[in-house]
Structure formats: C-alpha cells, structure tokens
Amino acid sequence: MVARAQGRFAIRRAEARDSAALDAFDANIWDLSMTPTDLGPGHQPRFGVTIPVEDTWIAEDAGQVVGYAVIGRRTTLESNRHVGVLRAIAVAPAQRGTSLAQELMGAAIAAARERGMRKLCLTVLGSNPRAIAFYKRHGFVVEGTLRDEFLLRDVYVDDVLMALDLASYAGKG
Ligand SMILES: CC(C)(COP(=O)(O)OP(=O)(O)OC[C@H]1O[C@@H](n2cnc3c(N)ncnc32)[C@H](O)[C@@H]1OP(=O)(O)O)[C@@H](O)C(=O)NCCC(=O)NCCS
C-alpha cells in the first residue's frame, strides 16, 4: 500500500525508523481506560514479532505522528488465514472527532482486504465507550464479552470482542 494524502493528513506504511516517534506518541495516548497496560497495546516491543513494521500504518501532519493503526493475523493457522485483527488504532487528542480515525480505519480495512482477509476482529475494553461507538459506526458488531477480564485500578473491566465482516462491508454507516 502506498502513502496517500487526504486533507492535511498523509497515511503511509510505517518503517523501522518510525519506532521512536511511535513510542513517543504512545506515551501521550494510552491510559488504563483504553488498554490493560498504560504503556500501550499489549506492551510489546515495537516492530517485534507481535507488531511487525509492515503491519503498522502511520498518519502524519506536517511530519508529526498524529495517529496509527496496526493490523495482523489473528493466528498463524492456515485455517484461520481469513481472519485479521486490528491490534490498535489511536489518534492524537487534538484530532479526535475529525476524519482522521476514519481514514486510518479505511487504510486498515483496505490492507486487510489486500491480504485476502474476510473478517477483521478486535478487542476493546468495556471502559472505552468512545472506541466502542467508533467501531460500531464502522460496522463492527459485538461477538462476545469476556467478563471481568482485567482488574484495572481496583475495578474489574470487561474485554469486548468485536468483528467486521469484510465481505459485506461497503463503507462507514
Ligand atoms: C478510538 C479513536 C481512534 C476513535 O477516534 P475518534 O476520532 O475519537 O472517533 P469519532 O469522534 O469519529 O467517533 C467516536 C464516537 O464516540 C462517541 N463518543 C464520544 N465520547 C463518548 C462516550 N464517552 N461514550 C459513548 N460515546 C462517545 C462520539 O460521539 C462518536 O460517535 P458518533 O460518531 O456516533 O457521534 C480515538 O478516540 C482514540 O484514539 N482513542 C484513544 C486510543 C483508543 O482508545 N484506541 C482504541 C483502543 S481499542
């Protein structure tokens, strides 16, 4: 997938040199209402096995990271090849409520389709209603709930599994 400019944002696939900028971006984004670790999604080393560089899409504004999305395969099983996972999507606070998150979601969906996936899954904390509303608006439906999956700040929080049927998805509702 090549970089594409939309409005003031440019969305492109990440490169290894972006690692430090993404880590700095993460430091200002995540808290325990959005992720089970306040260090970012999954608290995995950037661009390692769990988050390969080729699975990350970056949005920039005047050369600054303002958002990103990460997709991948759910498992390494051949029988599960058609299922992708949206591992993370985040935009800077100043860009929330703009078209940026929608553009990043569009890039993630296009990338999943290019990889032959027919279903895109994600998990989202029950304590993150803004993200849940965003996903529903983009056609994701709740497939299940892991009740009280995380104990965050002394409160048990659900992990909600959502999925988008890429075969029938025609665009944001
Ligand atoms: C999740 C995220 C990418 C969505 O992008 P966004 O620009 O905020 O999304 P939008 O403003 O387009 O949509 C958010 C929706 O939630 C609604 N909303 C906002 N606050 C809400 C709340 N407290 N409760 C319920 N809905 C809420 C908005 O009204 C909007 O719905 P609408 O379009 O039907 O009016 C962005 O909020 C973000 O980066 N959050 C921090 C990182 C994160 O939580 N990522 C997801 C981890 S699973």
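A backbone N or O atom of Val91 lies 2.8 Å from an oxygen atom of the ligand, a polar contact being a pair of N or O atoms within 3.5 Å. A polar backbone atom of Gly97 is likewise placed 2.8 Å from an oxygen atom of the ligand, and an N or O atom in the side chain of Arg130 is found 2.6 Å from a ligand oxygen atom. Taken alone, the ligand exposes 950 Å², of which the protein buries 70%, as computed by the Shrake-Rupley method with a 1.4 Å probe. The model is predicted, with local features requiring pLDDT of at least 70 and side-chain atom pairs counted only at pLDDT 80 or more, whereas totals for chains, interfaces and linings use all residues. Residues are numbered from 1 along each chain as its sequence is written, and side-chain values use heavy atoms, with hydrogens and water left out.

The shell around the ligand (residues with a heavy atom within 4 Å of it) holds 18 residues, of which Val91, Gly97, Asn128, Arg130 and Arg137 come nearest. Helix 3 supplies the largest share of this shell, 7 residues.

The ligand sits in the largest pocket, in the sense that more than half of its atoms lie within 2 Å of the pocket's grid points. A pocket is here an open set of points on a 1 Å grid over the protein atoms alone, where a 1.4 Å probe fits, with protein on both sides within 12 Å along at least five of seven lines; lining residues have an atom within 4 Å of a point. The lining comprises 40 residues, with Trp30, Met34, Ala88, Ile89 and Tyr135 nearest the centre of the pocket.

Technical notes: A polar contact is a pair of N or O atoms within 3.5 Å; within protein, one must be able to donate a hydrogen and the other to accept it, and residues adjacent in sequence count only if both atoms are side-chain atoms. Helices (H or I, at least four residues) and strands (E, at least two) are DSSP runs, numbered from the N terminus.
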